[in-house]
Amino acid sequence: MARRRGPESSGGTGCYYVVVLGLLVSGFLIGYLNTGSYEAPAGAGAPAGSPARNLRKGASQKHDPEREVQVALEEAALNEPLDPSTWGKIPAAVPEGAAVDCSGAPPDGYPTKWAIKDIVANWNPDDMVVPDQMYQSVCRFDYATELAQAIRYRDAEVPFQLYNVPAMNEIARKWADPAYMRRKLGASTKYKCEASNPGGEVNHGANHFMYTNGRAAKNPPIKNVKLSWDDWLGKVEAAKNKSILEPDSRFYFRFSATSASDAGSGWLFKELTFFQPKPNIFFKEPKQQRGIHCRFGMTGVIAEAHWDGSRNMVGQFYGRRRYVLVDPDDSCDMYLLAKNHPSGRHSEVDWSNPDSWDKFPRFPTMKAHEVVQRPGDFLYLPTYYLHYIISIDTNYQCNTRSGKDDRQAQVVNQCTPGFTKEKRDKKKPKRKE
């Protein structure tokens, strides 16, 4: 596929600049990009000589024509396509998934789905060893060359991935530097974060995070904790020598902004320009945006399967995150907790423990598919599309929502006890067109 190039530095300032540009483009930029020296692997920060730090140093230097050209090229390099191999292994799609035709309108039966028992047998959610193949059939679109196709899929309300967004490429490179994040978040500012509670109601393990709505619960599945950026980094480091099964070893770091005027977190709207509520691929209804929400996960962390009542665009800024996805048409097979349950609209099943599935006879054959998000990727989740999320390594994700499409409201309501008088063991309702 064609690769989108970053903005070019302007000429017209004399032969000197032409010569300098030629040398830098052929030497510095190409060599730098090929080595991937700025894209730090998961768990590492940007090196001391990286463009982010060089740019900061350059701001205070005296007028230097050669340095100014280099800075301009470094800024352009931030927008260049990311090298996915830097971030670790991504499984190939099984042959049936790789055969999906993404060139036109979403084909009948898109995305291809498989029984959840096969997906889990191939790659158990509690297993951090990445297999060679996964059950992926979601289309990936290059922002530079396939934007029209991506918009077509968004408007059809089906899942897809988008990559090579220049502004996102820049942010992913910057956020790889812990020092950069410390300046944005503050070294000591405390944020409302989460820890799992393995003994809590409907909690399936020390690395499993089950949402709770805050209603009275005898033993909630998660604990709210206050952590600073440095606190969380310390826990990430400590967890490297601990099993994912060890209690109190895994934490979610969270922060949000509802608008650019939010004290302390409004910078998110200026930083993530693509998530500003404007007509673009990221928003079907910009006026319905409800803030930007970020979750930073530690290796092995699982967010239990659930549906959300709005469209969701999820951006991956650092590390890798795996999504197991279920079409709302199949939601009756995942045994959703009732509306009035503290963890309502979430699956009651422990997806990582097949030995426990005897209590849920329809679950093993439930249809699902999966996808891995890497830095620079966006994942579009239509309204009510169910998702189960696994952190393959330390990773940063932010998402935003924009309105909803109710064509599948009836099916999820009938599969979630308490939304209608229908029982979830009855025949699955037909999808509302």
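**Exercise 1.** Describe the disulfide that joins Cys102 to Cys139 in this predicted model.

*Solution.* Step 1: the sulfur atoms of Cys102 and Cys139 are joined at an S to S distance of 1.9 Å. Step 2: the link of Cys102 and Cys139 has -85 degrees about the S-S bond and is left-handed. Step 3: the pair links distant parts of the chain, 37 residues apart, with Cys102 in the loop between helix H4 and strand S2 and Cys139 in the loop between strand S3 and strand S4. Step 4: buried means under 20% relative accessible area. Cys139, with 1%, is therefore buried, whereas Cys102, with 22%, is partly exposed.

**Exercise 2.** Determine the handedness of the disulfide of Cys294 and Cys398, and state where its two cysteines lie.

*Solution.* Step 1: the sulfur atoms of Cys294 and Cys398 are 2.1 Å apart. Step 2: the torsion about their S-S bond is about 105 degrees, so this disulfide is right-handed. Step 3: Cys294 belongs to strand S10 and Cys398 to strand S17, so the pair ties together parts 104 residues apart in sequence. Step 4: Cys294 is buried at 1% relative accessibility, and Cys398 is buried at 0%.

**Exercise 3.** Describe how helix H8 and helix H9 pack.

*Solution.* Step 1: helix H8 (residues 178-185) and helix H9 (residues 229-239) pack at an angle of about 145 degrees, and their axes are 10 Å apart. Step 2: H8 contributes Pro178, Met181, Arg182 and Leu185 to the contact, while H9 contributes Trp229, Asp230 and Leu233. Step 3: by class, the contact has five nonpolar, two charged and no polar residues.

Notes: Residues are numbered from 1 along each chain as its sequence is written. This is a predicted model: local features need pLDDT of at least 70, side-chain atom pairs count only at pLDDT 80 or more; totals for chains, interfaces and linings use all residues. Side-chain values use heavy atoms; hydrogens and water are left out. Axes are lines fitted to C-alpha atoms, for helices over the stretch in contact, and angles run from 0 to 180 degrees between N-to-C directions. Helices (H or I, at least four residues) and strands (E, at least two) are DSSP runs, numbered from the N terminus. Contact means heavy atoms within 4.5 Å. Ala, Val, Leu, Ile, Met, Phe, Trp, Tyr, Cys and Pro count as nonpolar, Asp, Glu, Lys and Arg as charged, and the others, Gly among them, as polar. A disulfide is a pair of cysteine sulfur atoms within 2.5 Å. Buried means under 20% relative accessible area, exposed over 50%, partly exposed in between (1.4 Å probe, protein chains only).
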